[in-house]
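User: I am new to this structure. Please take me through some of the terms used for it.

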Amino acid sequence: MQALPLKALSPDGLKRKIIVRLSRIWEAKNRDTGLVYELAFAAVDHEGTVMEGNVPVIRMAQFKDVLKEGTIYTIQGFMVKPVRGKYRTVDNDHRITITQYTKVEQAVPEPLGIPLVAHSLQPLSVLEKRARSVIVLSDVLGLVTDMTGLIPPKGQGQPRRNIKIKDIDGHQFTITMWGHQAENFDEESVRASSAQGSVAILFVSMTVDHYLAKLCFKATSLTRSYINIPIPEMSTLRARYRINVKARDIGYTEEDEEEIGCFTFFGKQGKILTGYDEELVIGTAEGRPNYLPPAVANVVGRKYLVTARVNQEIYAQDNIPFRVSTTELIGSPAPLLQAASNTNPPRELPSPELIGSPAPLLQAASNTNPPPEVPSPSPAKEAPGPSVGNSDSVATPPIDAIETLDSDAEEVSTDILIPSIYYSKEVYHQPT
C-alpha cells in the first residue's frame, strides 16, 4: 500500500497508510477533573502538512510505550475524523484516531525530508483574526531582541516571563510565558547562545492577544519552544551577512583616552566596506572555519565616515554596539595591515552579552527614548562562515559619538579608523 500525504486524508474508511513524524506527544486532560482522556500528538509529513491525532484512553495502554516523540512512523489502519472543540494545536479540519486495528511501525531507515517540528507559520493578517480566540492555537518564530528574568507572582498569581522577538518581516511581538512554562524556560541556554550569534525561537501552540494595541502571544499548557533548531524557516531568519569591526574615533590622539567602538556592517554596507558582493566573500571562506578572507582583512587601517544607530538588538550590560546604515571610504585604501590568517582576537575585549539591560553609557547620555531599531537587512543565504575571535563581542563606542546621543537623536555620524577586525563569523549561505 502506498503512503498518502496528510492533505489527501478524508473520513472514508481504515485502509490507508501514512509516514509521519510525531513531533509532539502529550496527555490530554479534562479541564475540570484533571483526568486523562486521550494521548494526543501532532504529526507532520514530508510535505510539511501538519495534523493532530489521538489515542483514546481505552487504547493508551496498547500504544503509550510504542509512540516516542520525534520519531518517524509508518501508520496503517487508522480513522480520520472531523476536528471539534477548542485549543486545536494545528489548523487542520481533520484528525487521526488510532484504533485497535492500527499498525504502528518505526520507519527504518528513517526517511529524509520530514520536518523536525510540526508547525504552521501564518501571516500577520491571519494572526490578527485569531486574536482573543482559542479555537486554533498559533505558532510564531522570531529573533530574540530582549528577555526578562522570571517575574515573581502578585498575590496568588503565577510567575511569568516576557520574551521579545522580531519576525522575518520586522514585526515585533511579546511572548508571555506563565507558571511552569516560565520557570522551565531555558534562559541560561538562550543567553549562552546569544554570545555566539543571533538566537531564534519557534514557539508553538500559543494564544494570540492584543496589548497596548500591539499583537502579542501567550503560552498555554501545550506550548513548546525550540531554540536555534535546523529548520529552513529558522535558517532563513538567522541568515545574516555582517562584519563587526573594532573602530576608534578618527580624531583620536595618543594624549586622549582611547575609546573603542563596535560597528556592525550588514549586507549592502558590508559590500561597501569590503568592495565585494557577499557571495564572493562567502566563496573564499567556505570549508575554512578559521579563515579570514583578504577582502575582510583589507579594511584594517582604512578610514570611513559612517552613519550608525545604537543597535537595540544586542544591548550589553556595559557596552553599546552600533549598526551602520551608511558607509563612505575616506581617502585611498590603506595597505593590508593584518594578515588574512590572523585569527587571534584583540586582548581585553569585554565578555559578550546579547541580551541585557540598557547600557549605563546610554543612560549617561540622557537618551531617555532610545532610537528605534534599524530594519533588519534582507536575509542572505546561509553557510558556515569564518570565525575570528569572540563572536558578537562589543566594546565602548567613541566618546564623541556617545555625547551626541540625546532624546531626539536617531542616528549619529562619525569618522572612524579601523585598527583591527575582531569578528567575521556570520557570513551565511543556505545550501540550495
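Analyst: This is a predicted model, where local features need pLDDT of at least 70, side-chain atom pairs count only at pLDDT 80 or more, and totals for chains, interfaces and linings use all residues. Residues are numbered from 1 along each chain as its sequence is written, and side-chain values use heavy atoms, with hydrogens and water left out.

User: What makes F173 and F217 an edge-to-face pair?

Analyst: Rings of Phe, Tyr and Trp (its six-membered ring) pair if their centres lie within 6.5 Å; planes under 30 degrees apart count as stacked, over 60 as edge-to-face and the rest as tilted. The centres of F173 and F217 are 5.3 Å apart, and their planes stand at 90 degrees, so the pair is edge-to-face. F173 lies in strand 10 (residues 172–178) and F217 in strand 12 (residues 214–227), 44 residues apart. Strands here are DSSP runs (E, at least two residues), numbered from the N terminus.

User: Why is F173 called buried?

Analyst: Buried means under 20% relative accessible area (1.4 Å probe, protein chains only). F173 has 4% relative accessibility, so it counts as buried. F217, at 0%, also counts as buried.

Notes: Helix = DSSP H or I, 4+ residues; strand = E, 2+ residues; numbered from the N terminus. Buried < 20%, exposed > 50% of the residue type's maximum accessible area, 1.4 Å probe, protein only.
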